Each structure stands twice: as structure tokens, then as C-alpha cells.
Amino acid sequence: VSYFAFVTSVLMGVGSLSFAYAGRGFDLVARGLLVLGVLWLFAGKQRWVWFSTIALLISVSLAAFGLWIELSPGWMISGALGALLAWDLTDFMRRLRFAPLMDDLRPLERRHLTRLTIVTVVGVLLASIPMLVRLEFTFEWIMLLTLVAVLGVTQLVSWLRRR
Amino acid sequence: MSRTFLLILIIYSLLLAGLATLNGEFLGLALPLLAYLLVGFWRAPEKLDLEVHRTISSERAAPDEDVVVRVDVSNRGADIEELLLEDGFSRALTVRDGSPRHLLSLKKGESFSWTYTVSGPRGGYAFEALKAEARDHSGIRWSSHQVPVRNELFIFPPLTRLKYITIRTRRTRVYSGTIPARMGGTGVEFFGLREYQPGDPPRWINWRASARHDETLYANEFQQERVADVALVLDGREKTNWFRDGRSLFEHSVLATASLADAFLSQGNRVGLLHYGRYLDWTFPGYGKVQRERILQALAHAQTGGSPVFSGLEHIPVRFFPVHSQVVLVSPLHDDDLDTLIQLRARGYQIMVISPDPVAFELAYLPRVPSVELAGRVVRMERNLLLKKLQRAGIQVLDWNIAHPFDQVIKHRLGPPPPLFRAVGGRL
């Protein structure tokens with residue numbers, strides 16, 4: 001079940017991005033994304049967990065770039081979400097491999113997929129808000145967000161140094 | 001790269017990109033990732049509170065015997081979405097059935113039990129802690145905990161029951177046993193005659209001898225049988241035990257030592273064990289079943305060692321052995337050991353050498369070609385010469401070809417003498 005969900009997520013992520021890029025005439029990027037999808041599926045089969053991280057970074061970067069060049073936001077969010085789900089499922093399948101064959105993992109898989117579906121729905125709803133409500137970035141908003149970003153990055157750096 | 005770090009990095013990059021381009025849609029892209037991350041933190045596992053019991057079907061087993069391990073885990077803390085349990089034991093043990101590892105979901109107050117079967121070679125194995133790792137479903141946060149539950153499994157060397165081993169020490173202990181003490185008194189075997197003393201049982205009176213003397217009664221004296229001190233020395237030196245292609249005689253030496261210890265203790269003797277090899281491992285002498293257990297535990301842990309300090313037998317600490325006691329060395333022997341053994345004999349110890357035959361052992365694995373046979377003959381002659389020299393020094397030597405069962409060899413060479421020879425006080 002998890003592998004089927006993983007394949008669906010990869011297809012959803014890579015397919016959405018590829019479709020949007022191809023629609024705008026970026027055939028090379030679209031083909032590159034399809035190659036990435038094939039490699040991702042192959043890596044999933046080969047249990048190369050590290051590849052999922054690279055594929056997630058590439059997919060989110062291309063989704064962000066797509067937003068910047070004003071491709072359809074729906075496809076971009078769908079692409080990023082698909083990549084996130086595939087990345088999550090890769091790690092989940094890695095953890096499942098620790099279990100011996102005799103363990104009944106179906107309840108565990110069912111609960112995981114249910115949780116993932118809820119998170120996806122919530123994520124889509126949250127992502128739709130800025131798409132539907134076009135907010136103007138006033139100077140105060142920019143300052144506030146910059147402050148939050150700087151504080152966040154500082155916290156992140158201090159956390160990493162503590163580790 | 002940690003999953004949390006990766007997600008935070010992406011979220012902040014999108015946030016910064018949104019600020020740089022003044023595009024709110026970047027925030028929209030970051031929100032699903034943020035939701036995923038926050039759910040991970042929200043559902044992060046709390047501190048684990050597990051109660052673990054482990055039971056082992058048998059704490060003492062024979063090599064390659066199946067031992068069933070049962071583990072019971074109860075969750076006394078909060079619900080755990082994903083819990084990986086892994087029982088910790090030595091890698092030398094082989095899992096024959098089941099699995100020591102399980103992945104499950106455990107709610108508050110729930111319990112989970114499982115069994116698995118292990119087996120292994122001779123040794124002492126500790127089952128240490130149960131490793132528990134709890135995660136939320138996203139795997140963002142986890143909590144790892146080692147629950148200490150200690151069990152021990154001893155896989156003892158295979159034991160061959162020996163009925164009786166004849167030893168004659170120059171000094172015995174005060175307790176009655178089976179070893180002739182070379183002293184008159186109560187016993188079974190005839191020892192001599194002495195004048196009848198009041199209190200002697202009338203059936204001890206030797207009427208024939210008394211008839212030859214006027215007014216004097218003579219009584220039979222019997223040889224007292226007592227227990228003795230026996231020191232077993234197990235040679236664990238690599239240079240004497242290991243041969244080409246990783247073959248070793250050590251397991252045979254351990255088997256012989258275990259069987260001898262069992263037999264000597266069954267006869268009521270006080271037995272100690274010295275494992276001589278990597279270091280000195282001395283099991284203090286004692287009697288009975290407790291001592292048997294101690295010696296078997298020491299033998300379960302016994303390994304060969306290549307310490308340069310103990311490469312020769314000259315560092316055997318003779319002060320450990322009571323004066324004039326019986327010393328039994330179990331060793332394939334090396335040419336350099338001759339002088340040390342003769343010196344030990346000269347100090348008054350009764351020495352017995354049980355020597356698994358290394359020549360026959362090695363030849364059994366070599367091709368039967370003329371050069372090998374010639375080399376075998378030369379080495380055989382050298383070994384025979386060594387054994388002859390030991391025998392001439394008054395050392396009892398038992399050359400054991402391991403192709404023959406140990407108990408049969410012992411019965412033939414060191415078993416009780418036939419009644420005919422017993423009457424004349426010994427064996428040929």
C-alpha cells in the first residue's frame with residue numbers, strides 16, 4: 001500500500017510540475033522533470049533513501065521558480081505537495097523495513113496514510129488562502145515578515161550550533 | 001541532513017524568496033510544508049515509559065540448542081504512534097525463529113509480547129537492554145530509550161560423563177572419598193596387619209595371623225580412601241591450539257576439561273581450574289555442584305589468546321595449587337613445555353597431561369600425498385619423543401586422538417583397574 005502511495009505521489013508531484021512547464025513551452029524542464037520522476041521511482045525500488053531528499057529539493061525549487069515566472073500556482077502547489085508526500089513515504093518505507101516479515105504492518109500503514117491525507121488536505125487549504133486572497137505587501141508587512149525571518153534564521157543557526 | 005532541518009531550510013528559503021520578490025504565493029507554497037512540520041512537532045512522542053520483562057526458556061544450554069526468549073512490553077506512558085522495539089543480545093547468537101525486532105503502534109496501557117528463538121556456540125551471553133525508539137507518523141521527532149533488562153545465557157561446553165578416573169596423589173584431604181590415601185584405616189581394599197586394638201570390629205580380626213601368635217590378636221587394616229585436591233589447567237595458548245585454515249583443537253580441550261571437572265567433582269574431590277592463555281583465569285578450588293557450575297561458567301567464557309607473556313608454561317602460578325596435589329594439564333603440548341612440566345613434577349606435584357593429538361588432527365585435513373605423509377611421520381616422531389620424555393619424568397600422559405570419543409579413551413586408560421590388578425594394588 002505504501003509503495004503504491006509513493007508511486008502515486010511521485011507521479012502527482014513530477015507530473016503536475018512537468019505539465020505546467022510543458023504548457024508554457026519549457027519542454028526541456030518538463031522532460032528533465034520526467035527523467036527525475038523515473039529516477040525517483042527507480043531509487044525507491046533500490047531503497048536509495050538519500051535520493052528522495054535531492055528530488056524534494058529540486059521539486060520545491062522548480063515549484064518556487066514556476067511561481068516566480070507566473071506558472072499556474074495550483075500545479076506548483078500540487079507538485080510541491082506530491083514531492084513532500086513521496087519524500088515522507090520513502091522514509092516511512094525505510095522504517096517499515098526494520099519490521100520482520102511476520103509483523104502485520106497494515107494498521108500502521110493505514111494510520112500513516114490517513115494522517116498524511118489529513119495533512120495534505122490541511123496543507124492545500126492553507127496554501128489556497130494566499131492564492132485566493134491577494135494581499136498587498138505594505139512596508140509594515142514586509143518589515144514584520146523580515147523580522148520573523150531573521151529571528152527564525154537566528155534561532156535555526158543557534159539550534160544547529162547547539163547540536 | 002536531519003528531516004527537520006531540511007524542512008525548516010525549505011520553509012525559510014521560500015519565506016525569504018517571497019519577501020525578495022514581494023510574491024505572497026511563495027508563502028502559500030511554504031504553508032503545506034509548515035503544516036506537515038507542525039503536525040510532526042505536535043504529535044512528537046513523549047518520554048517513553050515502558051515496562052519490560054524478558055524470560056529465557058533455559059539459562060543453561062548446550063551448543064546449538066534452541067533457547068526461546070519471550071519479551072513482554074507494557075506501555076505505561078502516552079500513546080505511541082510508531083514504536084520500534086529491538087531486543088539487545090550478543091551477535092554471536094543466531095536467531096533461529098522469530099525476530100528480536102518489532103515495529104508496532106502501542107496505545108497507553110497496552111501490552112505487546114513476542115518470542116524468538118536463538119542458539120549459538122559455547123559462551124556466556126548477556127541480554128542487556130531493550131532498545132525502544134518511538135516516532136510520530138511523519139518521523140520528524142523521535143525519542144529513543146534503552147530499557148535495562150538483564151538476563152544471562154550460558155552455553156556450556158558439551159559434557160561427556162566419565163564414570164571414574166584413577167588418580168593417585170601423594171597427599172589427600174581429610175574427608176573420605178575414592179582416592180587411595182596410602183594410610184591404614186577404614187576402607188575397602190586390604191592394606192596390612194596390625195595388633196588388634198579395643199574398639200576394632202571383631203570381623204576385622206585376621207584369624208589366620210592371630211593363630212600363629214600366642215595371646216596376640218591381629219586385625220586387618222584397610223586402605224583409607226579420601227578426596228584430593230585437583231587442579232585442572234586448560235591450555236588456551238594460540239600457538240598450541242590453532243592450525244591452518246582456522247581449525248582449532250581448543251573446543252576439544254574445553255570438552256575434555258569440562259568432563260574431567262565433572263568426574264573429579266562427582267568423586268568428591270576439591271577441584272580448581274586455571275585457564276592459561278590470553279590471561280590467567282583462576283577458578284578457586286571447591287567442592288560439589290556449585291563448584292561444577294563455577295567451572296562450567298568459566299569454561300563457557302574460555303577463549304584462546306596470544307599473549308607473549310603466557311606463550312610458555314613457565315608462568316603457571318604454582319602457588320595456586322596445594323602442595324603435592326594432582327595437576328591435570330589439558331594441552332596439545334609444545335616442545336618448549338617439557339622443562340616446565342618436569343620442574344612441576346620435581347616440586348612434588350602429581351602431573352597428568354591429557355593431550356589432544358595435534359598431529360592426527362592436522363593430518364586429517366591434509367591431502368594424502370607422499371610429502372605430507374613423510375612430514376607427518378617426522379612430526380609424529382618428535383611428538384612421541386616429547387611424550388616419552390614426559391613419561392620418563394614420572395608424568396602420566398594420555399595422548400588423545402580426537403577421532404575417538406573422550407570417554408572411551410579415558411575408560412580404557414584411566415578407568416578403574418580390573419579386580420585382578422586391584423588385588424595387587426594397581427594397574428599395569
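Predicted model: local features only at pLDDT ≥ 70, side-chain atom pairs only at ≥ 80, totals over all residues.
**The interface**

Begin by displaying chain A and chain B together. In this view, 52 residues of chain A are in contact with 44 residues of chain B. The area buried between the two chains is about 4200 Å², and carbon and sulfur atoms give 75% of that area. The polar side of the interface comprises four salt bridges and four residue pairs in polar contact, both members being at pLDDT 80 or more. On the side of chain A that touches chain B, the elements giving two or more residues are H3, helix H4 (73–96), helix H5 (106–132) and helix H6 (139–162) of chain A. Select H4(A) next: with 13 residues, H4(A) gives the most to that side.

Now select B:Arg3 and A:Asp88. These residues form a salt bridge, with the closest N and O atoms 3.8 Å apart.

Side chains of opposite charge can pair when their charged atoms come close.

Select B:Glu133 and B:Arg135. Their side chains meet in a salt bridge at 3.1 Å, N to O, and both residues are buried.

Proceed to B:Asp245 and B:Arg247, a salt bridge whose closest N and O atoms are 3.3 Å apart. B:Asp245 is exposed, with a relative accessible area of 57%, whereas B:Arg247 counts as partly exposed at 26% relative accessibility.

Then select B:Asp399 and B:Arg383, whose side chains meet in a salt bridge at 2.7 Å, N to O. B:Asp399 lies in strand E19 (residues 396–400) of chain B and B:Arg383 in helix H9 (residues 370–392) of chain B, so the pair ties together parts that are 16 residues apart in sequence. B:Asp399 counts as partly exposed at 27% relative accessibility, while B:Arg383 is buried, with a relative accessible area of 5%.

**The nonpolar patch**

Finally, return to chain A and select A:Phe42, A:Trp48, A:Trp50, A:Ile54 and A:Ile58. Together they make a nonpolar surface patch of about 500 Å². Helix H3 (residues 49–68) of chain A supplies the largest share of the patch, three residues. Centre the view on A:Ile54, which is placed in helix H3 of chain A and counts as partly exposed at 38% relative accessibility.

Terms used:
Residues numbered from 1 in each chain as written. Chains lettered and ligands numbered in written order. Heavy atoms only, no water. Patch = residues over 30% accessible without salt bridge, like charges linked within 9 Å, V, L, I, M, F, W, Y side chains within 5 Å. Areas by Shrake-Rupley, 256 points an atom, 1.4 Å probe, with all protein chains shown as cover. Helix = DSSP H or I, 4+ residues; strand = E, 2+ residues; numbered from the N terminus. Buried < 20%, exposed > 50% of the residue type's maximum accessible area, 1.4 Å probe, protein only. Contact = heavy atoms within 4.5 Å. Buried area = accessible area lost by both parts, 1.4 Å probe. Polar contact = N/O pair within 3.5 Å; in protein donor to acceptor, adjacent residues only side chain to side chain.
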